[in-house]
Amino acid sequence: MGSLDIAKEGYEAFSRGDMAKFMALCDDDIEWIYYGSVPWPGSFRGHGEVMRFFGILAGAIEISAFGPDEFIVSEDDVAVTGRTSARIQSSRALYENRWAHFMKMRNGKLAR
């Protein structure tokens, strides 16, 4: 499976809430980094830490729409733009975000 296929499968699995499938696409030593002035930034390494990240995210926002818009691929590197619509759990305020994700694949898995 190529880098684009891995990335697309990852987004599809996340959108369905299939975290077991999502994590199966990730390298055991995955490095997950999230930047921003939100309650869930940080650096997370390994499956357990990445799942902890998603737990923090789920506690902070309730996602109503999420998805990629565009994929740009260069061998093992994938850049993705997309958008998220959600409600902030604590205030119920609407949260709209346009984002860019940058991925590095290694040995057929998402590594960063």
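This is a predicted model: local features need pLDDT of at least 70, side-chain atom pairs count only at pLDDT 80 or more; totals for chains, interfaces and linings use all residues.

Student: Which residues touch the most other members of the largest nonpolar core?

Tutor: A nonpolar core joins buried residues through side-chain atoms within 4.5 Å. The largest one holds 28 residues, and those touching the most other members are Phe22, Trp32, Phe54, Met103 and Leu110. Two or more residues of this core come from each of α1 (3-16), α2 (19-24), α3 (46-60), β4 (77-88) and β5 (94-106).

Student: In what pattern do the helices and strands follow one another along the sequence?

Tutor: The protein chain has 3 helices and 6 strands, and their pattern reads α-α-β-β-α-β-β-β-β.

Student: How many of the contacts join residues at least 24 apart?

Tutor: Counting contacts between residues at least 6 apart in sequence, 44% join residues at least 24 apart.

Student: What does the radius of gyration say about the chain as a whole?

Tutor: One compares the value with that of a compact globule: for 112 residues this would be near 13 Å, and the protein chain, at 14 Å, agrees. Its C-alpha trace spans about 40 × 30 × 25 Å along the principal axes, and 34% of the 112 residues are buried.

Student: How far apart are the mean positions of the positive and negative charges?

Tutor: For the 13 positive and 16 negative charges, the mean positions lie 4 Å apart.

Key: Residues are numbered from 1 along each chain as its sequence is written. Side-chain values use heavy atoms; hydrogens and water are left out. Helices (H or I, at least four residues) and strands (E, at least two) are DSSP runs, numbered from the N terminus. The radius of gyration is taken over C-alpha atoms; the globule rule is 2.2 Å times the number of residues to the power 0.38. Buried means under 20% relative accessible area, exposed over 50%, partly exposed in between (1.4 Å probe, protein chains only). Contact means heavy atoms within 4.5 Å. Lys and Arg count as positive and Asp and Glu as negative; His and the chain ends are not counted. The place of a charge is taken as NZ of Lys, CZ of Arg, CG of Asp or CD of Glu.
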